[in-house]
Amino acid sequence: YNFCHRAIIRNLNFRLFTGRAVSRIADCIIWLFMLNGILVVLVNPGIVNPGPPPSAAGASVGDGNILNVYFQNVQGLIPFGELNNSHPMIDTTKAIEVSTYLNEAKIDIAIINETWFKSSIADSEFLHPNRYKIFRSDRSTRTHPPDLSNPSRFRRNGGGVLIAVRADLELSSKEIRLKDGAEILAVEFKTSTGIKFVICTCYRV
């Protein structure tokens, strides 16, 4: 304590404080560090937060497993140069990378924003129908209406949202129709045990 006290006083350079005031400041600094150390010991940040119990972490799917839900903004699954095409080619490298991750990580429900998809692109070009059931809301004038007060904000291309559900899950799923004006997609799920829940995603520029 004395060593720290002397070291702090030597390094303090307060012209407004001298003598006893500097000593009091040094005491406060030492006690603050000591209090911080005590709090660290009490809180013990080395203990990993266990989170909620499994029963509260997600919805049960028949056999009691917890759903593995994944979200990502992929910033386009078609090449940027294809945006103006009415029948764009899918970016196979990116699509394969995403689909491979979904399969390897055993993702049950995937929420993907900014697909940049157009109606000419089939679901099967992205994910195999035997693996995932897909719900989509691609960009259109219905989901992304022009702003008459600021026409430059309207972007004909880009956007789009998607929710993919593993086909082998014991889940029934249906899309919920929502008001237009944004790329918003909601899907209602019902487990074999009767639990209902809704997953929703939206994207608006």
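Buried residues are those with under 20% relative accessible area, exposed ones have over 50%, and partly exposed ones fall in between, as computed with a 1.4 Å probe on protein chains only.

## Basis and overall layout

This is a predicted model, in which local features need pLDDT of at least 70 and side-chain atom pairs count only at pLDDT 80 or more, whereas totals for chains, interfaces and linings use all residues. Residues are numbered from 1 along each chain as its sequence is written, and side-chain values use heavy atoms, with hydrogens and water left out.

The chain holds four helices and seven strands, where helices (H or I, at least four residues) and strands (E, at least two) are DSSP runs numbered from the N terminus. In order from the N terminus, the elements run α-α-α-β-α-β-β-β-β-β-β. Of the 205 residues of the chain, 33% count as buried. With contact taken as heavy atoms within 4.5 Å, residues 24 or more positions apart account for 60% of the contacts in the chain with a separation of 6 or more.

## The sheet β5-β6-β7

Three strands form an open sheet in the order β5-β6-β7, with antiparallel pairing; two strands are taken to pair if DSSP finds at least two bridges between them. Because β5 (171-176) and β7 (196-203) stand at the edges with a single partner strand each, one side of each is left without a neighbour in the sheet. The twist averages 20 degrees from one strand to the next, based on axes that are lines fitted to C-alpha atoms (for helices over the stretch in contact), with angles running from 0 to 180 degrees between N-to-C directions.

β5 and β6 are joined in the antiparallel sense over six bridges, and S172 stands opposite K190 in β6. Between β6 and β7, which also run antiparallel, there are eight bridges. These two strands form a hairpin with four residues between them, and G194 in the turn has a positive phi of about 95 degrees.

In a regular strand the side chains alternate between the two faces of the sheet.

## Aromatic pairs

A pair of aromatic rings is described by the distance of the centres and the angle of the planes. Rings of Phe, Tyr and Trp (its six-membered ring) pair if their centres lie within 6.5 Å, and planes under 30 degrees apart count as stacked, over 60 as edge-to-face and the rest as tilted. By this rule there are four aromatic pairs. One of them is the tilted pair of Y70 and Y101, at 5.1 Å centre to centre and 45 degrees between the planes. Y70 lies in strand β1 (residues 69-73) and Y101 in helix α4 (residues 92-104), so this pair ties together parts that are 31 residues apart in sequence. Y70 is buried, with a relative accessible area of 17%, whereas Y101 counts as partly exposed at 39% relative accessibility.

F189 and F197 form a stacked pair, at 5.1 Å centre to centre and 20 degrees between the planes. Both F189 and F197 are buried, and F197 in β7 is the bridge partner of F189.

## Nonpolar cores

A nonpolar core is a set of buried Ala, Val, Leu, Ile, Met, Phe, Trp, Tyr and Cys residues joined through side-chain atoms within 4.5 Å. The largest has 21 residues, and those with the most contacts inside it are V98, L102, F117, F126, L127, L162 and A164. At least two residues of this core are supplied by each of α4, β2 (109-113), β3 (132-137) and β4 (161-166), and the largest share, three residues, comes from α4. Leaving aside neighbours within four places in sequence, L102 is in contact with Y70, I107, A110, L127 and Y132.

A second, separate core of 15 residues includes I109, V165, V187 and I199.

E183 is located in strand β6 (residues 183-191) and is buried, with a relative accessible area of 0%. A polar atom of the E183 side chain lies 2.9 Å from the backbone nitrogen of G160. Beyond neighbours within four places in sequence, the contacts of E183 include S137, R139, H144, G160 and Y203.

Q75, in the loop between β1 and α4, has a positive phi of about 50 degrees although it is not a glycine, and this residue counts as exposed at 53% relative accessibility. K106, in the loop between α4 and β2, likewise has a positive phi, near 55 degrees, in a residue other than glycine, and K106 counts as exposed at 61% relative accessibility.

How values were computed. A polar contact is a pair of N or O atoms within 3.5 Å; within protein, one must be able to donate a hydrogen and the other to accept it, and residues adjacent in sequence count only if both atoms are side-chain atoms.
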